[in-house]
Amino acid sequence: MSFKKFMQQKMAPVHGDYYIQKGQENPKEHKYDEIARDAYQYNAYFRACVELISNTAASLNPVLCNYTDNGDKEQLLVSDLWKLLMHPNPDEGAYSFKQRMFSYALVADECYIQLVTVGRDKTPRALNIIQPDKVKVISGGYSNPIGGFEVNSGKGKVNIPKSQMIYVKGFNPTKITAGSPLAYASGYAIDTNNEMMKYNLRNMQNGGVPPLVIKGARTQREVDGLSDMWDRTYGGSNNAGKPFFPMSGVEIEQLGMSNRDAQWLEGIELTGKQIMMAMNVAPEILLGTSNRASYEQAYKSLYIQAVLPLWQNFLDAMNNVLVPLFAKKGQHLMLEIDRNKIDALSEDKNELHKRERQDYLAGIATRKEAREVLGYNPEDSGADGDSFQRPVNVTVVPQDGEEIDPMDGDMEDVIGDNLADAEPNADDNAIADR
């Protein structure tokens, strides 16, 4: 192989739809095993991001809600669907099952969950996750892009109908039936980071010395002798710091840049941040920070930008394929994530409570409306739940400039009937006299 072809292959990215060479696009097949090996198994940053997101998402449990015809929502605590999600199959518990399905989605941007049924019963008895590279999507034509699935079981190919598979994938602008792995977006950073780590390892094994050229050897025997002497007396981390005495007339020349010039440590951190950026993980979480506020904001961002969108993608697929199989007549079931149970987002909940209290005290919202926004039962707001508060420190000025006492009954001419319909407090006159 010529040096030119060798460099062209080295410059081609491992991950991605295409590699560019001489201004032409040459298709390169997607290989799941390469992504799983180079990105997840060998790259610390990518693996840390995958495990952080998958473990965080797996710690959340969806709630099953039934929506009535009038829009009310009630949570179902006991159901066959809930039991299936808590015990998906005999080999896995709920947490490990969710962790694996989220990890597949983050690595391959695809996840296949088979609905295991018995006999003619369409209600699944178990859920089985299939490794993404073992499944092939069967096209159903222009109007039905995903017609079914072909699974390579190792003993042959098995066709699974579309109704028995939960297929979760991300957006791919070039192929509607497949996802687009996140490793593609950070492929250059992953390759660069891996090569820099390999260089550091080999450099440390060589005593921290870059490659050398030894000049002056006259015969192949002298070359072999110098090479063996170098390996025994200087090469490797065990010989670090030992002096090397070449024979007379031999010159040693260093190749490449020094560690200081190359700034390898800064380069490793930079490519690591690029990988985390593609995974929507803030560097403060994995690299650390002395600012507690920044750390809390980073975890909040993790839920908003990575965990909840990942969950919503799965919930959409489950609500479309799995949930209707357990719905009884008249039920409208939905799996949801209760954001109020996420500690990292509790600050948002406190801000919501504060805003609703202010709106209620300002007379903008009724107690019933405020309770409904905060997730409480609005019917428990009391007899005056539909009444507005009437602030005592507000002066209403109509267009003609004449001030109106907020305790005056004529206030309804300016503000409307909502405030006028509210029952006055017993101490209104006393407050007005002050």
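Which residues line the largest cavity? The lining consists of N61, P62, L85, M86, A94, F97, K98, M101, W311 and M318. A cavity here is a set of points, on a 1 Å grid over the protein atoms alone, where a 1.4 Å probe fits but cannot get out, and lining residues have an atom within 4 Å of a point.

The structure is a predicted model, in which local features need pLDDT of at least 70 and side-chain atom pairs count only at pLDDT 80 or more, while totals for chains, interfaces and linings use all residues. Residues are numbered from 1 along each chain as its sequence is written, and side-chain values use heavy atoms, with hydrogens and water left out.

**Overall architecture**

The protein contains 17 helices and 13 strands; these are DSSP runs numbered from the N terminus, with at least four residues (H or I) for a helix and at least two (E) for a strand. Of its 434 residues, 35% count as buried, that is, under 20% relative accessible area with a 1.4 Å probe, protein chains only.

**Cavity and pocket**

There are two cavities of 30 Å³ or more. A pocket, in contrast to a cavity, is an open set with protein on both sides within 12 Å along at least five of seven lines. Each volume is the space filled by probe spheres set on the grid points, which are joined across faces, edges and corners.

| Space | Volume | Lining by class |
|---|---|---|
| Largest cavity | about 90 Å³ | eight nonpolar, one polar, one charged residues |
| Largest pocket | about 820 Å³ | ten nonpolar, seven polar, eleven charged residues |

In these classes, Ala, Val, Leu, Ile, Met, Phe, Trp, Tyr, Cys and Pro count as nonpolar, Asp, Glu, Lys and Arg as charged, and the others, Gly among them, as polar.

Helix α5 supplies the largest share of the cavity lining, four residues. The largest pocket has 28 lining residues, and K73, E336, D338, N340 and G375 lie nearest its centre. Its largest share, four residues, comes from α13.

**Nonpolar cores**

A nonpolar core is a set of buried Ala, Val, Leu, Ile, Met, Phe, Trp, Tyr and Cys residues joined through side-chain atoms within 4.5 Å. The largest has 64 residues, and F46, I53, M101, I113, W311, F314 and L322 have the most contacts inside it. Helix α12 gives the most to this core, twelve residues. Leaving aside residues up to four places away in sequence, F314 touches M101, F102, A105, C111, I113 and V168, where a contact means heavy atoms within 4.5 Å. A second, separate core of ten residues includes Y112, V135, I146 and M165.

Key. Buried < 20%, exposed > 50% of the residue type's maximum accessible area, 1.4 Å probe, protein only.
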